[in-house]
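Hi there,

Here is the structure I promised to pass on to you. Have a look at it first, and then read my notes below.

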Amino acid sequence: MSESTNQESLANLLHEERRFEPPAELAASANVKAEVYEEAAADRLAFWAKQAERLHWEQPFDEVLDWSDPPFAKWYVGGRLNAAYNCVDRHVEAGNGDRVALHWVGEPDDDTRDLTYAQLQTEVCKAANALTELGVKTGDRVAIYMPMVPEVVIAMLACARLGAPHTVVFGGFSADALASRVTDCGAKVVITADGGYRRGAASSLKPAVDEACEKVGASGELSVEKVLVVRRTGEEVGWTEGRDVWWHDVVDGASSEHAPEAFDSEHPLYVMYTSGTTGKPKGILHTTGGYLVGTSYTHWAVFDLKPETDVYWCTADVGWVTGHSYMVYGPLANGATQVIYEGTPDTPHKGRWWEICEKYGVTIFYTAPTAIRTFMKQGAEIPQKFDLSKLRILGSVGEPINPEAYVWYRETIGGGRCPVVDTWWQTETGQIMISPLPGVTAGKPGSAMTPLPGISAEVVNDEGQPVGNGGGGYLVLTEPWPAMLRTLWGDDQRFKDTYWSRFKDVYFAGDGAKLDDDGDIWLLGRVDDVMNVSGHRLSTTEIESALVSHPKVAEAAVVGAKDETTGQAVCAFVILRESALESGEEAPDSLIQELRKHVQKEIGAIAKPRQIMVVPELPKTRSGKIMRRLLRDVAEHREVGDVTTLADSTVMDLISKGIDSGSSSGDEG
Ligand code: PRX
């Protein structure tokens, strides 16, 4: 964690004295009351055994947790269940088939579609039958690269129904990123769409799939056998006969009867790729029983979900873990009614989200601090034009929420009456781990408060010793939990090395944290080379590799610099190859734009550096490690810190001089 983040968070902490008690009415009727913490602490496994009753088990489990071979956990051992049956069919069988599961809102105005649980069941069964026809069998991997349309949820559930693990790749990622994920998990089918709508225009997806399939095929080891394409925008698409199939051709006419098979509790449900400290994304593996228990329990507890009356909206894209746990699996397992929205918050106008909240009477709203800060900048007048009186709970996820944004969210969006639940978790944890409970906790702006019932976390020092109240250090999770990742796809060793080796016998999350005098947890950001841009994890190394893959770049170092809206922004320092410029010539703006575009092509627009600074040297220790701390000082316009461990102490002068003379550029795009 950077010194400055640390200092600033500590300063906030010292001055933050506001407390928000839960509203009395909410406290009285809350799903989870204060005594549950004690109940869970007294017998953690009995607690998690009880939560498993939320699901339908085709065959009951014999043992709650097998932790005989750490760090490889098995939850609900011997139990068998079907995830799609639990998310859809059983609600229909319970008489709730007419309840709306999805209020889908397309970006173009008037483009909406409601799906009841009964309709969702029909669609999922048809899609499962169609995938079977295309050759998908239990255990096969299916990649999904789609916009936010109902078919993405249907596709995920159809895969789950067949026991075919899906890997959803965010539609904003490039063809290269898609290809590497398809290759890593060996997906033989890709489900996609011609495109989707973003910022008022059709944005295509199929060309990236075509390019990715070519790349995957060129490696010679694997080939994508089928590409299933949803027609969304109606744009013309390239077509590979024999491989490409329209969704409407094979799904619409398929039988709506499909008997779900029960799978082992530890059967893989999905792989989600996320950034780590090296260039290669990690395939986080989640399995079935524990994941569904963990996500459905926490969704019900943290959002106090009342499925008969609540309208829930999580604004995350399905391409991230939040979209998996709190848009698809958690809410649907709970029989919730929810909104899903295809487009961007400012299209066709800046009040779009609030207009949707008003129209559907959204009661529970879950978003990211970066969005809240953007709305704050735009001004309270925009949300104030809409009726947000139905809202009762607000959630935040993805990065620390600063107290100003928390209070603005609570007051302006929540009318001063809605508790804000600041939920800390990760792709790896699968479920929310640290969060207030809306009917129990007196919230402090900026703190994620305490571990949820059944969860054990600590803040430890370098030696792994608990720091105690008032101390700061590293966040670790000290006991296994149901939705935890089981391994990294195809790489057990990296799984052990990454999460279980820094401290003995506990999971190291990679985050710094501080305990205040009451023992409440304040997250202080990553302590490794991972950035958090708009709540999305990006690896510095991955962006560096992308930059160095450009023929004009010799070396690159990337840091996350503080950014008012996105939390952190990508700042890159590059050394150009000698051949790139005439001697003495300055890097032209066009070259810098070219490099930014290159990163976008290699990874995706979210990784595009805000700023690229061309430098003659990079600051390194004698052992050759780049001193990012110093680069962060430059990127954040601070006086450069202690340079005594630099191999060449004049380097920072050279860099600062170069920056002052203007060899840096970027834009907001
Ligand atoms: O640094 C923490 C931050 O996001 C990281 C996890 O990122 P990802 O796996 O992409 O999942 C994001 C959605 C769960 C964490 O290591 N983070 C997430 N939520 C919070 C947070 N930091 C502070 N407060 C949070 N509520």
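Predicted model: local features only at pLDDT ≥ 70, side-chain atom pairs only at ≥ 80, totals over all residues.

In total, 16 residues surround the ligand, and the closest are Asp 422, Thr 423, Thr 427, Arg 526 and Arg 537.

The side chain of Thr 427 has an N or O atom 2.5 Å from an oxygen atom of the ligand. On the backbone, an N or O atom of Gly 398 lies 3.1 Å from a ligand nitrogen, and for Glu 399 a backbone N or O atom is 3.4 Å from a nitrogen of the ligand. On its own, the ligand has 540 Å² of accessible area, and the protein covers 96% of that. Two elements give two or more residues to the shell: strand 20 (420–423) and strand 24 (521–526).

Now to another residue, Asn 334. You will find Asn 334 in the loop between helix 12 (321–333) and strand 17 (337–341). Is Asn 334 buried or exposed? Its relative accessibility is 10%, and because buried means under 20%, Asn 334 counts as buried. Leaving aside residues up to four places away in sequence, Asn 334 touches Arg 54, His 91, Ser 296, His 299, Trp 300, Leu 305 and Pro 307. With one of these, Arg 54, Asn 334 also makes a side-chain to side-chain polar contact of 2.9 Å.

Enjoy exploring!

Best wishes

Note on methods
Residues numbered from 1 in each chain as written. Heavy atoms only, no water. Near = heavy atom within 4 Å. Polar contact = N/O pair within 3.5 Å; in protein donor to acceptor, adjacent residues only side chain to side chain. Areas by Shrake-Rupley, 256 points an atom, 1.4 Å probe, with all protein chains shown as cover. Helix = DSSP H or I, 4+ residues; strand = E, 2+ residues; numbered from the N terminus. Buried < 20%, exposed > 50% of the residue type's maximum accessible area, 1.4 Å probe, protein only. Contact = heavy atoms within 4.5 Å.
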